[in-house]
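Here's a quick briefing for anyone meeting this structure for the first time. Take a look, then read on.

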Amino acid sequence: MDFKVLYQDTRTAARSGLLTLDRGVIQTPIFMPVGTQGSVKSLSPKDLEECSAQIILANAYHLFLRPGLDIIREAGGLHKFISWHKPILTDSGGYQIFSLALLRKVKDEGLDFQSHLDGTRHFLTPEDVVRVQQALGSDIMMPLDECARYPVSFEQAQRALERTTLWASRSKKEYDKDRCSAHGSPKGVLFGIVQGSTYEDLRKRSAVELTEIGFEGYAVGGLSVGEPRGLRYNILHATLAHLPKDLPRYLMGVGLPEEILEAVSLGVDMFDCVVPTRYGRNGCAFTSQGKITVRNGEFSHDQKPIDPECGCYCCQNFTRSYLRHLFNAGEILGLRLLSYHNTYFFLDLMNKIRQAIKENKFRELKDKFCGVPC
RNA sequence: GGACGGGUACCCAAGUGGCUAAAGGGGGCAGACUGUAAAUCUGCUGCACACAAGCUUCAGAGGUUCAAAUCCUCUCCCGUCCA
């Protein structure tokens, strides 16, 4: 893996660069559409290419439970299985510790959980989780971490952070083992995940400890879980200050367009979020004029495209009136077209961000965008 | 002509003396969604109103009762069956 910052904005910490992986070169800042179960919901790999996706996310936890590693191995790895040949970042399942809280018990040794699908019990160690991701053929692997809910006491946040560091260190050892054994197939890299909730000193400690272990990139986890926005950016800013400047920084699970702009201005390189596809499925579209709920009555006679400034297939061919009709009639095409548009919109925004950084006009872009309610 | 059954809000439909401005669906209107157990979830949906009081409702008209969508009488409509 290689990461090069090519352009540095002079008025903010925003930067643009190239992240080179075995399966492709990624221009940063980048947004990664989320395909938890090996599918960016309702979109085909062809759609994703048309939207100029450079990398997508998949989830090791979900794929481990279903269809299971044997089936993915049989297919020749995740890329072949899902027919997506650009890079894939796999999330470990750390977030599922957070979102499926009722079904799991977190121990230092690993994660004891019950499948949300059939109730079967499983035990996964951080080493297992690295091996699962290696078996999938992941390009960027995330270690098992403990994502604390919000709000959480200092002591609990500290415990989650200590466990995250312990697991990070064990993940790194497991990862190093495999790297020593030489074989020619594409190799994934391993990132670290900073935790520490909204406590600046915990965030600093987490960042420092992970940097000592040494990863190929660093993610900030445990944000956008309900904390106030102002606090979020203070914490993000404080966290980034303790991470290496010459390695990629990934803000996990974020976010809305204005949140991405804010985070880019603080120096974040990578994002992922379910928002474009989930909002799309639920009848909500992002536009250059802000967010609109396409289901709403005001669009029943609106013969304009979702976003007149958008060049996507949906906006070039269909009206708001038709999209609203599709949603009202429960037609599956509606949610697919909106997912397509939203994904295109987010990736186009990232393209504009990169261009603006290159031209040293990022501040102007951000101000223009954040003047619009998202 | 006769015998039953039925007419409840935008639609379907429950309710058979007070706890009913009226269950539940559908439809309509709005909101939420952030490393996806989500094509999901939450509100509102007689009128008026910022809220509260208030006003008008269960085919229509009369009646019984302290109290009626609910009981009685007549009328009008709709279905099914028999002549």
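Which residues of helix α6 (residues 126–136) are buried? They are Pro126, Val129, Val130, Arg131, Val132, Gln133 and Leu136, where buried means that 20 or more other C-beta atoms, placed from the backbone, lie within 10 Å of a residue's own. Keep in mind that this is a predicted model: local features need pLDDT of at least 70, side-chain atom pairs count only at pLDDT 80 or more, and totals for chains, interfaces and linings use all residues. Residues are numbered from 1 along each chain as its sequence is written, while chains are lettered from A and ligands numbered from 1 in the order in which they are written.

**Overall build**
- Chain A has 15 helices and 17 strands, taken as DSSP runs (helices H or I, at least four residues; strands E, at least two) and numbered from the N terminus.
- Along its principal axes, the C-alpha trace of chain A spans about 60 × 50 × 45 Å.
- Out of 374 residues in chain A, 48% count as buried.

**Helix α6 and what follows**

**Around RNA strand B**
- There are 47 residues around RNA strand B (C-beta atom, placed from the backbone, within 6 Å of it).
- Cys147, Gly253, Gly255, Val274 and Gly297 come nearest to RNA strand B.
- At least two residues of this surface come from each of β5 (56–59), α5 (94–99), β15 (270–273), α11 (275–281) and α14 (332–358).

Technical notes
Buried ≥ 20, exposed ≤ 12 C-beta atoms within 10 Å, placed from the backbone.
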